[in-house]
Amino acid sequence: MNRLISFLLILFPASLYAQESNPLLIRGELYSNHRLLLKHNNDWAWNENCLDLSFQKRAGKINFSSNIWLRHLNADPLHTSAQLYSKDQINPWKLELREAYAEVRGFVFDGLDLKIGRQFISWGTADMINPTCNLNPYDLEDIMDFGRRRGIEAMNLTWYFNHAFSLQAVYVPFFRPANLPLGIFADFLNPPPDLPAGMEITEYSDKLLMPRQNLAEGASLGLRFKGFALNTDFSLSYVYGRDGLPQPLRSSLTHTASGVEIYSELFFPRHHIVGADMAGSIGSVGVWAEAAVFIPEEEIIHTSRLINFNPFFPVMRRDSTVLKKEPYIKMAVGADYTFRNGIYLNLQYLHGFIHERGKGNMNDYILFAMERSFLGNHLNLRPIAGGLAISSWDDPASNFALFYTPEITWRGIDNLELGLGAFFFEGRGDNIFAGLRDFNMVSVSAKINF
């Protein structure tokens, strides 16, 4: 692998100079981000160094594009001397192909474009969280970057009727689930079950019931009509695909003398998703709205079996509905405005977070940010940023979470950006952000573009 990378790094510049009439374009970014916990003995919560490289080459009507990440992340703890023989365990890094596709302008006839290969299909107008964007799986590796997604292999056809209206059809042949958070935030979206006092989980195992990779089970389909009218961008969309986060189907809890052993079976349910979004302005205020109706294809009944060592009550079974066959809505509505003194304000309401499923299970979130640049845009201050989550309006004082994420960014040198920020959490109840109240952090970052 190392030889292959070295060969590519030599080959690409050579191609750049060898074909001056139609050169290979290379853009890149070196990104470093480190976060330190304010509790837990000031452990490092996140250490990332990433080389982001993008390549583009045009050959006639075909445009080739690709993007790769070469990254070094937190190293897992070392426990035995045998691990010292492996550089991959001492100093782990990974190569990730984010995008690799070919785009054909005027495929078959003028106005019809084809994009095929691994790509990002970004739908929606909301900021960061897009309810209508459901073809690319979430990339939840960095839990503080909720808007990140992974590329998917797809055939993407767009028919432009004119400059204002288009119809897009996307076929995704393979199912790709979301990847879950790493490190100390691994249980962020899947907290351990509550057990009676004195009872501990001694073993946990599960099995994913993955769909078969064929036309019937593994494929997804998306359609979107997009237009521009009355100074407003809008679109209507439909997706037939699977949820990227698994849902419990069956589980067993075995009560032993030493504790509880848990085994679960998880699967990825299908949904019909009908969406709509718009983005425009009211005067000098930018506004956007986005909503998606999720229609589960089938009802999910979770069967749990409690196996007890008590001979009089050896097995108990309980069935519960974890996802009803009822439509539920996720939505986002927001606005932004720049004042005459240069202060930028962004406010967004979100109904339903990325992990929430089912009618009546959506929480409400208010996201906000205020920033201003100084010194000729070299210094950017974001003193107010974060959000408020309410998981129950009947008793919001006991069911809320507040997260505060201020940041200072300096861009005093071309192509260099330095950042200093923080993550503070507070809350009560079972909202996922309330569970982070002991994980306040400070963050330092640097970006170099070339």
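Q: Which residues lie nearest the centre of the second largest pocket?
A: This is a predicted model, to start with. Met-128, Met-144, Asp-145, Arg-382 and Glu-407 lie nearest the centre of that pocket. Its lining has 48 residues.

Q: What volume does the second largest pocket have?
A: About 1,400 Å³.

Q: Which strand gives the most to its lining?
A: S23, with 7 residues. Strands that supply at least two residues each include S1 (25-37), S2 (44-59), S20 (379-390), S22 (407-410) and S24 (441-449). S18 and S19 are also among them.

Q: What lines the largest cavity?
A: The lining has 32 residues. Nearest the centre are Asn-134, Tyr-138, Arg-242, Asp-243 and Gly-244. The elements giving two or more residues to this lining are strands S10 (232-242), S13 (270-282) and S17 (328-338).

Q: Now the packing. Which residues have the most contacts inside the largest nonpolar core?
A: Phe-185, Phe-188, Phe-353 and Phe-433. The core has 32 residues. Strands S19 (364-374), S21 (400-404) and S23 (416-428) each give two or more residues to this core.

Q: What is Phe-353 in contact with, leaving aside neighbours within four places in sequence?
A: Ile-129, Phe-146, Lys-330, Tyr-365, Ile-432 and Phe-433. There is also a second, separate core of 18 residues. Ala-154, Leu-249, Ile-273 and Phe-294 are among its members.

Q: Cysteines next. How many disulfides?
A: The count is 0.

Q: Is Cys-50 buried or exposed?
A: Cys-50 counts as buried because its relative accessibility is 4%. Cys-133 counts as buried too, at 5%.

Q: Loops now. Where does Asn-363 lie?
A: In the loop between S18 (344-351) and S19. Asn-363 is buried, because its relative accessible area is 14% and the cut-off is under 20%.

Q: What does its side chain pair with? Asn-363, I mean, in the polar contact.
A: The side chain of Glu-356, at 2.9 Å. Not counting residues up to four places away, Asn-363 touches Leu-350, His-351, Gly-352, Glu-356, Ile-390, Ser-391 and Asn-431.

Q: And Gly-106, which strands does its loop sit between?
A: S4 (93-104) and S5 (112-119). Gly-106 is buried as well, with a relative accessible area of 14%.

Q: How far apart in space are Gly-106 and Lys-61?
A: They are 7.7 Å apart, C-alpha to C-alpha. In sequence they are 45 residues apart. Lys-61 is in contact with Gly-106, and so are Leu-112 and Asp-113, leaving aside neighbours within four places in sequence.

Q: Is Gly-124 buried, exposed or partly exposed?
A: Gly-124 counts as partly exposed, at 28% relative accessibility. This glycine is in the loop between S5 and S6 (152-160).

Q: What does Gly-124 touch?
A: Asn-130, Thr-132, Arg-224, Asp-277 and Glu-290, not counting residues up to four places away in sequence.

Q: Last one. Which strand is Gln-247 in?
A: S11, residues 247-255. Gln-247 counts as buried, at 11% relative accessibility.

Q: What does Gln-247 touch?
A: Glu-265, Leu-266, Phe-267, Pro-269, Ile-300 and Arg-357, not counting residues up to four places away in sequence.

Methods:
Residues numbered from 1 in each chain as written. Predicted model: local features only at pLDDT ≥ 70, side-chain atom pairs only at ≥ 80, totals over all residues. Heavy atoms only, no water. Disulfide = S-S within 2.5 Å. Buried < 20%, exposed > 50% of the residue type's maximum accessible area, 1.4 Å probe, protein only. Core = buried A, V, L, I, M, F, W, Y, C linked by side-chain atoms within 4.5 Å. Helix = DSSP H or I, 4+ residues; strand = E, 2+ residues; numbered from the N terminus. Contact = heavy atoms within 4.5 Å. Polar contact = N/O pair within 3.5 Å; in protein donor to acceptor, adjacent residues only side chain to side chain. 1 Å grid on protein atoms, 1.4 Å probe; cavity = no way out; pocket = protein on both sides within 12 Å on 5 of 7 lines; lining within 4 Å. Points joined across faces, edges and corners; volume = space filled by probe spheres on them.
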